[in-house]
Amino acid sequence: MFRRGTQPLRYYVYVSDNKLDMLYEQIDPALRKRISAEVKVDLKVASVTLQQAEQATAARMTKLRMVERYIDTHCKVGGVSAPGREFFRGRMEMRWGWLERDAATDRPSPVVLFCGLTDDDFVVLGGSRGHVLGQHPEDSSVALLGYSLFPGLVEMLGPYVSQLQPKIDDDVRNGSPQWRQERGDRYIWQALKAAEQATLNGHLQHLDFLAVPLGEARAVGVDGTPMHAVIGTPVYVAHAR
């Protein structure tokens, strides 16, 4: 058992330095000081910009603890079935990996995808490959495309959507889950299905995540069972304890 007041250890797969820097800078300085005392971290370490930190790992973990505490106490945090509009958490079996090639540049893809499916929910999280721990950062010309944003993710998945279109049409004709087309839901669904196809042979692991929701869609299966899907971008992904 953990002693009271200790932070459980996590084995991280993905941590977004860009999101941490952006979110941290929005926290009032007086509140940062209070949070640093609550989570027992050095405020000077957390205040370093991650891309410029000599001790990047220490700065990253310190900043993550502070940002996560702020999110948990001051923001609305939803779950997989009801992610809301700010942040959502989840714990599920997920396949993950990256697209093999960028169709536009014919270079290794800068996108990493995490896909999870339960009886009721389908989750796809997408971000920049450079935030997978142990990976080399993308070169600046690729990173500028912004693959933690919905337009960038959909743009990258576009070729997969095109390849899947005949199968999508067959599924609809044969009574497979049909996604409602209200509020652009079909557009979101196509991106989700492309992500599922792209990571079909990816690593399957039990993962925890904290993410920003980007879009939702709903479907009805052949037996009339409602299904829900969400696409988002992670603040972090870690092995589930």
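A salt bridge is taken here as a side-chain nitrogen of Lys or Arg within 4 Å of a carboxyl oxygen of Asp or Glu. The structure is a predicted model, in which local features need pLDDT of at least 70 and side-chain atom pairs count only at pLDDT 80 or more, while totals for chains, interfaces and linings use all residues. Residues are numbered from 1 along each chain as its sequence is written, and side-chain values use heavy atoms, with hydrogens and water left out.

The structure holds 8 salt bridges. In one of them, the side chains of D21 and K63 meet at 2.8 Å, N to O. This pair links distant parts of the chain, with D21 in helix α1 and K63 in helix α4, 42 residues apart. Helices (H or I, at least four residues) and strands (E, at least two) are DSSP runs, numbered from the N terminus. D21 has a relative accessible area of 11% and is therefore buried, the term meaning under 20% relative accessible area, with exposed over 50% and partly exposed in between (1.4 Å probe, protein chains only). K63 also counts as buried, at 0% relative accessibility.

A further salt bridge is formed by E68 and R89, whose closest N and O atoms are 2.9 Å apart. Because E68 lies in helix α4 and R89 in strand β3, the pair ties together parts that are 21 residues apart in sequence. E68 is buried, with a relative accessible area of 8%, whereas R89 is partly exposed at 25%. R91 forms a salt bridge with D208, the closest N and O atoms lying 2.7 Å apart. Here the link runs from strand β3, which holds R91, to strand β7 (residues 203-220), which holds D208, across 117 residues. R91 counts as partly exposed at 47% relative accessibility, and D208 is buried at 12%. Through shared partners, salt bridges join R10, E68, D72 and R89 into one network.

Helix α1 (residues 17-24) is largely enclosed by the rest of the structure, because 6 of its 8 residues are buried. The buried residues are D17, K19, L20, D21, L23 and Y24. Their cover includes β1 (12-15), α2 (29-39), α3 (43-46), α4 (56-74), β3 (87-98) and β8 (226-239).

Helices α2 and α4 pack at an angle of about 105 degrees, with their axes 10 Å apart; axes are lines fitted to C-alpha atoms, for helices over the stretch in contact, and angles run from 0 to 180 degrees between N-to-C directions. The two helices are therefore roughly perpendicular to each other, a label given to angles of 65 to 115 degrees. L31, R32, I35, S36, E38 and V39 of α2 make the contact with R65, M66, R69, Y70 and H74 of α4, where contact means heavy atoms within 4.5 Å.

The largest nonpolar core has 21 residues, and those with the most contacts inside it are L64, M66, I71, F87 and Y236. Such a core is a set of buried Ala, Val, Leu, Ile, Met, Phe, Trp, Tyr and Cys residues joined through side-chain atoms within 4.5 Å. Elements giving two or more residues to this core are β1, α1, α2, α4 and β8, and the largest share, 4 residues, comes from α4. Residues up to four places away in sequence being left out, Y236 touches R10, Y12, Y14, V15, L64, E68, R89, D208, F209 and L210. A second, separate core of 17 residues includes V13, L207, V230 and V237.

Note on methods: Angles under 35 degrees count as roughly parallel, over 145 as roughly antiparallel, 65 to 115 as roughly perpendicular and the rest as oblique.
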